[in-house]
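This report describes a single structure, taking up selected residues, the ligand site and the domains in turn. The structure is shown first and the text follows.

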Amino acid sequence: MIKTKPTGPIPSGYDTIGGELAIGGQKASALVQENGSPLFVYSRAMLDGRLAALRAAMPEGLDLHYAMKANPFPPLLRHMVGLVDGIDIASGGELRMALDAGAAPEKISFAGPGKRDDELQRAIQAGVTINIESPGECGRALKIGAAVDKKPRLAIRVNPDFDLKGSGMKMGGGAKPFGMDIELVAPVVNQILEARADWRGFHIFAGSQALSADAIIETQAQTLELAARLATAIGQSPAHINLGGGFGIPYFPGDEQVDIVKVGKALADQFKYLPDILSSTQFAIELGRYMVGEAGVYLTRIVDRKVSQGQVFLVCDGGLHHQLAASGNFGTVVRRNYPAAIASRFDQQPEETVSIVGCLCTPLDRLSDNAAMPRAEVGDIVAIFCAGAYGATASPANFLGQGAATEIFVG
Ligand SMILES: *Cc1c(COP(=O)(O)O)cnc(C)c1O
């Protein structure tokens, strides 16, 4: 007997129609028939539900920003622009996409450790806020602002002296390429003020993919404390503080949803007792995967069913070139199974243990390892969930000449 490995929890909110997984009221087989396979399907209803839940849980007046690197698909991005208070970008390419999607420049902020001069210039001319990551970058931005005769809007990205506990990707605490060390912040802000540029405040991002409400609460408290300390040293109130984000989603067996109600209550309490220097500051959090991750499904058709030494392999027409993270090759140490299902037999009970693999000629291309699934045949459709963030955009689509998957945005 082959030992079955569990798969991650399937996000709630998906329907079954005629025994099949349905997204936006359409059966998986119909979606694939119409749009081809492999296919990313993003659900507007799921996004709307997620944003409504966030609004209800978070303190009133807190801005919600979307970190678009999680999913820049233009129709989805256009929809997100209408749902959130700001778009966080991390490249000149994302700047163009955010503007094309209708985001107002004053609602865009631009972070990233390696901004080129041409990107800084376009950002300054467009009037977006630049999260300055180093004294060198500040100097370049001020010079470009003077050259194009436009006042740059500059916030300081701070490298915090703490990290988000239990986070999948640490972005603060210790030596980092992101943001500037605490002792550099006040001198750089003074330089901005002396140059009569528009100092917008701070951006403090301590990590990603945390599921523990307590860890997020602790980080938000530390972030507010640090921001107050920095503002006091500068002697001026920051107009805006981006508190980071880090809310994760459950990808793996045993993972649980972040208790956002608990996080929101704790943050509302913090806001009640803000030090004077932050009393007129506008606060934001920035989220990528939490907003869009569970709203996306990757569908891929089974092209072969084979048995090797007693083990069943379902070979699909997609793979790690679209789903690098699900294959376990994007920032994970031990490979675990993402939530997966046979979409075309969504209502059937598991009958056998199978490995679901992609079509690439590499042993890395495994979408699910020894998972319990209903019996599936050639032509059946596999669904990999949690595909709305860091799927299409963070996978090597050109590997082995495969090319990108089709993406669609449904009702
Ligand atoms: C990547 C990134 C995010 C989004 O992270 P998620 O884990 O998708 O929420 C937010 N802010 C910054 C600065 C980032 O680099």
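Leaving aside residues up to four places away in sequence, Asp317 touches Ser37, Pro38, Thr300, Arg301, Val303 and Cys359, where contact means heavy atoms within 4.5 Å. The model is a predicted one, in which local features need pLDDT of at least 70, side-chain atom pairs count only at pLDDT 80 or more, and totals for chains, interfaces and linings use all residues. Residues are numbered from 1 along each chain as its sequence is written, and side-chain values use heavy atoms, with hydrogens and water left out.

Asp317 sits in the loop between β17 (311–316) and β18 (340–342). Helices (H or I, at least four residues) and strands (E, at least two) are DSSP runs, numbered from the N terminus. Asp317 counts as buried because its relative accessibility is 18%; buried means under 20% relative accessible area, exposed over 50%, and partly exposed in between, with a 1.4 Å probe and protein chains only.

The side chain of Asp317 makes polar contacts with the side chains of Ser37, at 2.9 Å, and Thr300, at 2.6 Å. A polar contact is a pair of N or O atoms within 3.5 Å; within protein, one must be able to donate a hydrogen and the other to accept it, and residues adjacent in sequence count only if both atoms are side-chain atoms. Pro59 is 258 residues from Asp317 along the chain, and the C-alpha atoms of the two are separated by 45 Å.

Ser37, one of the residues touched by Asp317, is joined to Pro38 by a cis peptide bond, with omega about 0°. Pro38 is in the loop between α1 (28–35) and β4 (39–43). Most residues other than glycine have a negative phi, and most peptide bonds are trans.

## The ligand site

Which residues come nearest to the ligand? Of the 12 residues around the ligand, these are Lys69, Ser208, Gly288, Arg289 and Tyr390; a residue is near a molecule or strand if one of its heavy atoms lies within 4 Å of it. The table gives distances from side-chain N or O atoms to an oxygen atom of the ligand.

| Residue | Distance to a ligand oxygen atom |
|---|---|
| Lys69 | 2.8 Å |
| Ser208 | 2.5 Å |
| Tyr390 | 2.6 Å |

Taken alone, the ligand exposes 390 Å², and the protein buries 91% of that. Accessible areas come from the Shrake-Rupley method with a 1.4 Å probe; for residues, only the protein chains shown count as cover. The shell around the ligand is made up of five nonpolar, three polar and four charged residues. Here Ala, Val, Leu, Ile, Met, Phe, Trp, Tyr, Cys and Pro count as nonpolar, Asp, Glu, Lys and Arg as charged, and the others, Gly among them, as polar.

Tyr390 belongs to the loop between β21 (381–384) and β22 (406–410). Its phi is positive, about 55°, although Tyr390 is not a glycine. Tyr390 counts as buried because its relative accessibility is 12%.

Arg196 also has a positive phi, about 60°, and is not a glycine. Arg196 is in the loop between α7 (182–194) and β12 (198–204). Is Arg196 buried or exposed? At 67% relative accessibility, Arg196 counts as exposed.

## Other residues

Asp369 lies in strand β20 (residues 366–373) and is buried, with a relative accessible area of 12%. Its side chain makes a polar contact of 2.6 Å with the side chain of Arg366. Not counting residues up to four places away in sequence, Asp369 touches Lys5, Arg335, Asn337, Val354 and Ser355.

Gln220 is part of helix α8 (residues 213–234). With a relative accessible area of 5%, Gln220 is buried. Beyond four places in sequence, Gln220 touches Phe247, Val263, Leu267 and Ile285.

Asp163 is in the loop between β9 (153–159) and β10 (169–170). Asp163 is partly exposed, because its relative accessible area is 24%.

## Domains

The domain assignment gives domain 1 (15–43 + 295–410) and domain 2 (72–287); such bounds come from an automatic or database domain assignment. The C-alpha centres of domain 1 and domain 2 are 34 Å apart. Domain 1 gives 11 residues to the contact and domain 2 gives 10 residues.
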